[in-house]
Amino acid sequence: MAPQELPIDDLPIWARLNDVRFTNVRVVKSEGKGYGVICQQSFDADDSGPDKPLLTVPHGLVLNEAAVEEYAKEDKNFKQLLEAVGHRSPRADILLFLLVQTAIASRTGPSSTGVSNPWTEYLRFLPGTVLVPTLWNEDERLLLRGTSLESAVNAKMLALDAEYEVVQDISSDIPCWNELLWESRTVSLRDWMRLDGLYRSRCLELPRSGESMVPCIDMLNHSSNATAYYEENAKDEVVLLLRPGVSISEGQEVTISYGDSKSAAEMLFSYGFIDPESLTQSLVLPLEPFDGDPLARAKLVSFGEAPRVRVARDADSTTWESSFVHLMCVNEEDGLEFRVLQDTEGGRQLCVFWQDEDVTARTKEFASLTQSHPLGTVFRLRAVTVVLELLQAQLELARSYDVDTDLGDVRDECLEAARQLRRIETDILQSGIDALENERNSLLTDASVVAYLGSTETSGSDLAGEEASTEVDDFS
Ligand SMILES: C[S@@+](CC[C@H](N)C(=O)[O-])C[C@H]1O[C@@H](n2cnc3c(N)ncnc32)[C@H](O)[C@@H]1O
């Protein structure tokens, strides 16, 4: 049972009680964006400067990993909970703290577990839902089929489910938390997902305090022509300042930038909207090793992170980048070798060798490692072919879904965001495919590729896909 939302008109009282200072700005409803911050009286550029913040938030209200630790010192029950479930990541600790605050605000019975904090009440000013796709309903999530967010959102939903289960399992063994959280039914998986959505859409990277949530600063909306920015001052307060040279008129919204290099998918995933003014045109797709590649597992383990391909487009060109594809496309016959070695403490370590050189620490550098090999252009052609086929398959998938039929129960904002994402991504995919086809055609005329293909009597199209990696005899 979620705690009751508080009206935004009560925020100034909460702010006064907690020493948050608003100067000539206030939080209001902002058309189509939830709340936002507006200017109450015109400011010109001369009225602004680091000593004239529009908003000042005391350091003690900043919610980050260290603040959760501090809170645990005041509440021994929470300390026990944090020790049992926490310390997995700063984000997970903050979510655990917020889950407890939600429970405290929702309880109706006499439980004395959990100590209130300014965040207990502040949470009640925050929106009941956020338009991030993990909080979309099933019909709405179907709108993402064939976009780069389809698998990312599915994976995130599974991860949230698993995180929640861990919290539930472990905390139900602690009687006071079992009583407050589970027997009193103060929280649910939906709350965990909402808190994750709130965290993702409202956390900031502060220069000294790191990844943090900051009350009231988190009421500022995004614009690619932002008028303000935030920073930490000498007292570690978080202050909102007008950008140099900016004037702002009465009633005008004050905005910050959520980052100017985020792709449409990242914006939708993290904030639940796509900025139509953004100039960043990029897309990230997951990449899987070839089916049946006997070295696939070793390649994945030694690479150490989820393999991806990134395609980016600007006014002049479309480029692609994937560290994994260059490792994926070489084999034992080419000079790749994995050895399991024993370290001095008796542990076993997977080591990677390329042309007999230990490159265990350089698995992200296979583009350059393979480039200097006599067959460097052939390796490049394999990588280009793999990426080209991935983009072609993704474009075909994106075009195979018609988001305008069989819509089901979907909100207009979700439909519009999904359409926008699909439009942006199909354009990037098409220009990526054009660029890769050009690169492949030019590689196919390269003398070393022609000689190589002649010697193996392999046609250019055989360079693609599984054969390129697993059936290495085709290349020897
Ligand atoms: C940090 S909060 C800003 C305050 C928020 N509007 C609220 O009601 O609490 C970020 C959220 O505001 C909304 N938002 C911010 N900038 C926006 C924009 N330019 N267009 C649409 N929604 C925006 C999105 O819902 C986003 O997840």
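Modeller: Two strands pair if DSSP finds at least two bridges between them. The model here is predicted.

Biologist: How many bridges join strand 2 to strand 3, and do the strands run parallel or antiparallel?

Modeller: Strand 2, residues 25-30, is joined to strand 3 by six bridges, and the two run antiparallel. Val 25 has Cys 39 of strand 3 as its bridge partner. The two strands make a hairpin with three residues between them. In that turn, Gly 32 has a positive phi of about 75°.

Biologist: Which strand is joined to strand 3 by two bridges?

Modeller: That is strand 10, residues 253-256, which runs antiparallel to strand 3. Ile 38 stands opposite Glu 253 of strand 10.

Biologist: Which element gives the most to the shell around the ligand?

Modeller: Strand 3 does, with three residues. The ligand is surrounded by 19 residues, and the closest are Gly 34, Tyr 35, Ser 201, Asn 221 and His 222. Helix 9 (189-202) and strand 7 (221-222) are among the elements that give two or more residues to this shell. By class, the shell has eight nonpolar, seven polar and four charged residues.

Biologist: Where are the domains, and how many residues of each are in contact?

Modeller: Domain 1 spans 8-256 and domain 2 spans 280-475. Their C-alpha centres lie 38 Å apart. In contact are 13 residues of domain 1 and 20 residues of domain 2. On the domain 1 side, helix 6 (138-142) and helix 7 (149-171) each supply at least two residues. That side divides into five nonpolar, five polar and three charged residues.

How values were computed. Residues numbered from 1 in each chain as written. Predicted model: local features only at pLDDT ≥ 70, side-chain atom pairs only at ≥ 80, totals over all residues. Near = placed C-beta within 6 Å. Helix = DSSP H or I, 4+ residues; strand = E, 2+ residues; numbered from the N terminus. Nonpolar A, V, L, I, M, F, W, Y, C, P; charged D, E, K, R; others polar. Domains from an automatic or database assignment. Contact = placed C-beta atoms within 7 Å.
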